[in-house]
Amino acid sequence: MKKYLKLISVLSAAAMMACPLAACDNVGGEPPLDCVGHIDIDNNGVCDNCGKTMEIGAGRLVIDDITGLAVGKSRAINPRFTSPTYAEIPTYTFDGDSISITDGVVTALKPAAEVAVTARTSNHEKTFKVTTVAASAVVALPDVRAYIGYAPSPFDLTDVDGGAKIEYVYNAERLRLDEENRTVSALAVGDHTVEVRTGSTVATFTVACEDIERSNLPFNDYDVTYLSDTLLSDWKTKGESGKSTLFIGDSFFDLRYDFWQDFYTDLGGKSAVNGGVSGSNTLNWEGKFYDVYLSQTSPKNIVMNIGTNNIGDLKNDGSAAAENLQRMFLFMHSRDNLKDTQIYWFSVAHRWDSSADNEAIDSCNALMKEWCAMSDWITYVEVTDKIMQENLNPDKLHPKDETYVNVYLPELAKSGIVY
C-alpha cells in the first residue's frame, strides 16, 4: 500500500510539472491571485482539489477598482496576473480629463467623476473603475490664547469659511465657543484643540488657556499714587460716565511732562479726559492701574497709546508685545464698567532712540491690526506709517506737539470715533 501511495504521489507531481498551473474561473468574482493550490492533473479544465472550472493558458489580468480618490491625490494601479509567465506592463485608455495615468499611477484631476479605464496587454484586457471626490484638506488655523475670567478671544476662520455649514468639535468642559461671534472662552488651564469641519475641509486650532494672577503684575507705587490722587480726581471733575472719552496710556499722553501740553485745547469742545502715565506698559494697566483708577471710570470711549515700553523697556519681541496688548484689552473688555466702552488703540510708532526696535514694532502692529479687525469693540488706528523722525522731539521718541494735531487726532477721526 505504501509503495502504491508513493507512486500516486510521484505521478501527481509529475503531472503538475507537465501541465501549467491554471487559475480557478471562480464564476461570480475575480479569480484568486495565488493558483498554486489548484491542480488539474488530467487537464480537463476542472480543479482536482475544489472542482471549480479552470482556465488554461495566459490566465487573467486582475485590477481592483480605485474609489474615493481625492483631487490632487494619486494611487498606484497595481495590476496582477494569474499566470505570471504572461505578465506585462499594461497600457491604459479612458475618456475625459477627470484623471491622468502616468507610469501606472492614476491621479484625480476633477471631483465627482466615475471613469472607466481599460488596461491592455498582448494577451489581456481588463476594464476597471476610478471614482474621484473633492480634495479633503486639513488646515492649520492660527492658535488662540484665552484667559479664565477675561473676555472671550476671537478666532479666525478665513482659511476655511467658504459659506458652507461649520461644525465644531471641542471639549465643552474646557472651552466655551460662541459660534455666531466666533469667540472662545477659557474654562480650564491647558492647551485645548478645536476641530472645525466645513464641506470637505477639516481645520484645527489650539486654544492656550491661562489663569492670570493679576496681583502679581508689576507696578510703580509713585504711578499708583498719581493715578489714585490726581488722575482719578480729574476724571471725577471732568468726565461723565457713558459720555466722555478717556485718553490713557504711556508718556505720549502724560501731561506732567512736555508731551501734548495742549491736550485740552486741541480737544476743545469735546468731552475728553487725560489719563496718561509715563513709562507705563500693558502689565501695569491690566493690573494695579485698573484697580486704583480705571475701575472707577465708565467712559464712552477709551483712546490708548501703549506698547512702546513693552518693546523698549520689557524687551518684548513683536509677538510677545501683541500677546500682552491683547490680554490687557480682553481684561478691560471683561469688566462690567468697561464692557460697553469702545476702545481705540494707536499703533506703536517707530522710534529712533537707543531702545529702538522697529522690526519688533512692525511685527506687533501687523498682529494687532489682524486681531482688532475680528472684534467690533476695539479699533486699530494706524499712525506708524505717518510718523517719521522729523515728527518727533529731539529725544527721538515722543511726538512733537504738532504731530498730535496733524497725525494722531486726524487718524482717530478717520477711524470713526464719536465723542
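A contact means heavy atoms within 4.5 Å. Among contacts in the protein between residues at least 6 apart in sequence, 65% join residues at least 24 apart. The model is predicted: local features need pLDDT of at least 70, side-chain atom pairs count only at pLDDT 80 or more, and totals for chains, interfaces and linings use all residues. Residues are numbered from 1 along each chain as its sequence is written, and side-chain values use heavy atoms, with hydrogens and water left out.

The average pLDDT (the predictor's confidence in each residue, from 0 to 100) is 88 for the protein. At least 70 is scored by 85% of the residues. Over residues 1-36, pLDDT stays under 50. For this stretch the model has 45 contacts beyond four places in sequence.

The protein has nine helices and 24 strands. These are DSSP runs numbered from the N terminus (helices: H or I, at least four residues; strands: E, at least two). Of the 419 residues, 45% are buried, that is, under 20% relative accessible area with a 1.4 Å probe, protein chains only.

Strand β17 spans residues 183-186. Thr183 and Ser185 point one way from β17, Val184 and Ala186 the other way. All are buried. Strands pair if DSSP finds at least two bridges between them. Strand β14 (residues 153-154) runs antiparallel to β17, joined by two bridges. Here Pro154 stands opposite Thr183. Strand β16 (residues 175-178) also pairs with β17 in the antiparallel sense, over four bridges. Arg176 stands opposite Ser185. The hairpin of β16 and β17 has four residues between the strands. In this hairpin, Arg182 takes a positive phi near 55°.

Conventions
Buried < 20%, exposed > 50% of the residue type's maximum accessible area, 1.4 Å probe, protein only.
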